[in-house]
Amino acid sequence: MQTPGSQSSLHRANLERVVRAVRLAGSLTQAEIARTTGLSAATVSNIVRELKDGGTVEVTDTSAGGRRARSVSLSGDAGIVIGVDFGHTHLRVAVGNLAHQVLAEESEPLDVDASWADGFNRAEALVGRLIADIGVGLEKVIGVGLGVPGPIDVESGTLGSTAILPGWAGINPRQELSQRLGVPVYVDNDANLGALGELVWGSGRGVKDLAYIKVASGVGAGLVINGQIYRGPGGTAGEIGHITLDESGPVCRCGNRGCLETFAAARYVLPLLQGTHGPELTMERVVELAREGDPGCRRVITDVGRHIGSGVASLCNLLNPSRVVLGGSLAEAGELVLVPIRESVGRYAIPSAARQLSVLTGSLGGRAEVLGALALVLSEMGDSTLLSDHGSGVRAPAVLPSGR
């Protein structure tokens, strides 16, 4: 048993600091590990050697600043993580390792609103198929990240809004998937996971304060403050779609009038064009037509951009993020939607906040949420699962929850 303050407990703490730094970054040079952890170069070198001998990390030769360096990443044999993303119209699953490499990924159409049971049946089957394809079993899975298109109640773990996913009211997604797979599950809403995905792999890399705005069937925001997702005490932070723009505006599904969502979300925007463009029109098709020069579609996207910009301006005045990343199908419109967003921000935001802000489209497209689900596991999992009880670099098996 380790005594607090003893050499063995200090060594264990240093091991975990190094593993945590590498786990969160994907790969780091030894010099970067020293800067990140505050440990001396000699201590880092000794710990990396120990972890390498135990099979926890892999070390490869690389270069940094024109000089030879050694890149450290978690071993490909250290375990795998799984991301599951439920959208309103799709299911997407990805499998990755602890070195931030995506090993397999697949999506399929799914009406998530129709049946939560069918959704989880399909997710369980797709997870099983993908891990079989890469030749591993569930015993290698350290954790699963799960994204759902609605707010999660922090205390109960259930979906908290009957208006957004009425068929899922009272369902505990984490518990349901964990019982089916027999592994730890971490759950969050899709906007937060989109923010995590862009932060780790996409347009948010290198910044600590950003907002990911997802515009699809609804409008939501994932907020990153000082490098961490901010969820609020009830888990509903980031519901930017329900900022009131017009008290006399259309009735929103939340029960209020004139929410941003009623001016920007697909379910409210598409009827404006379906009379002239047909009832089968989708937001993806609107964007495609706008890029081809269709005047009606261009006008609608410009109007949507102005409304989103008003919401982003309010966000800037409150939180002063350095970057806003636009996701969802609307992001494919590029500058057609970004220009009016920036114009509204310039008009309504505090000048100093507007000057510091960059507004970009996400670089991950529809993959942002499922990659964010992988990142959620990588950020939430404990480092003790990668180290033995005696402080060496030998992995201990992950402790699985009781269930199946």
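In the predicted model, Leu 210 stands opposite Arg 323 of strand β12. This pairing belongs to the contact between β9 (residues 210–215) and β12 (residues 323–327), two parallel strands joined by 5 bridges. Helix α11 (residues 295–319) packs on the sheet that contains these strands, where it touches β9, β10 (219–225) and β12. The direction of α11 makes about 155° with that of β9. A further helix, α12 (residues 335–348), also packs on the sheet and is in contact with β12 and β13; the angle between the directions of α12 and β13 is about 160°.

The sheet itself is open and is formed by 5 strands in the order β11-β10-β9-β12-β13, with mixed pairing.

Helix packing was examined for α2 and α3. Two packed helices are described by the angle between their axes and the distance between the axes. Helix α2 (residues 30–37) packs against helix α3 (residues 41–53) at an angle of about 115°, and their axes are 9 Å apart. The crossing of α2 and α3 is right-handed. On the α2 side the contact is made by Gln 30, Ile 33, Ala 34 and Thr 37, and on the α3 side by Val 44, Ser 45 and Val 48. Classified by residue type, this contact of α2 with α3 comprises 4 nonpolar and 3 polar residues, with no charged residues.

The structure holds 4 aromatic pairs. Phe 86 and Phe 120 form an edge-to-face pair, with 5.4 Å centre to centre and 75° between the planes. Phe 86 lies in strand β4 (residues 80–86) and Phe 120 in helix α4 (residues 116–133), so that the pair links distant parts of the chain, 34 residues apart. Phe 86 counts as buried because its relative accessibility is 0%, and Phe 120 is likewise buried, with a relative accessible area of 0%. Phe 120 also pairs with Trp 168 in a tilted arrangement, at 5.4 Å centre to centre and 40° between the planes. Since Phe 120 lies in α4 and Trp 168 in the loop between β7 (141–148) and α5 (173–181), the pair ties together parts that are 48 residues apart in sequence. Both Phe 120 and Trp 168 are buried. Together with Trp 116, the residues Phe 86, Phe 120 and Trp 168 form one aromatic cluster.

Technical notes. Residues numbered from 1 in each chain as written. Predicted model: local features only at pLDDT ≥ 70, side-chain atom pairs only at ≥ 80, totals over all residues. Heavy atoms only, no water. Pairing = 2+ DSSP bridges. Helix = DSSP H or I, 4+ residues; strand = E, 2+ residues; numbered from the N terminus. Contact = heavy atoms within 4.5 Å. Axes fitted to C-alpha atoms, helices over the stretch in contact; angles between N-to-C directions. Left-handed = near helix turned anticlockwise from the far one by under 90°. Nonpolar A, V, L, I, M, F, W, Y, C, P; charged D, E, K, R; others polar. Phe/Tyr/Trp six-rings, centres within 6.5 Å; stacked < 30°, edge-to-face > 60°. Buried < 20%, exposed > 50% of the residue type's maximum accessible area, 1.4 Å probe, protein only.
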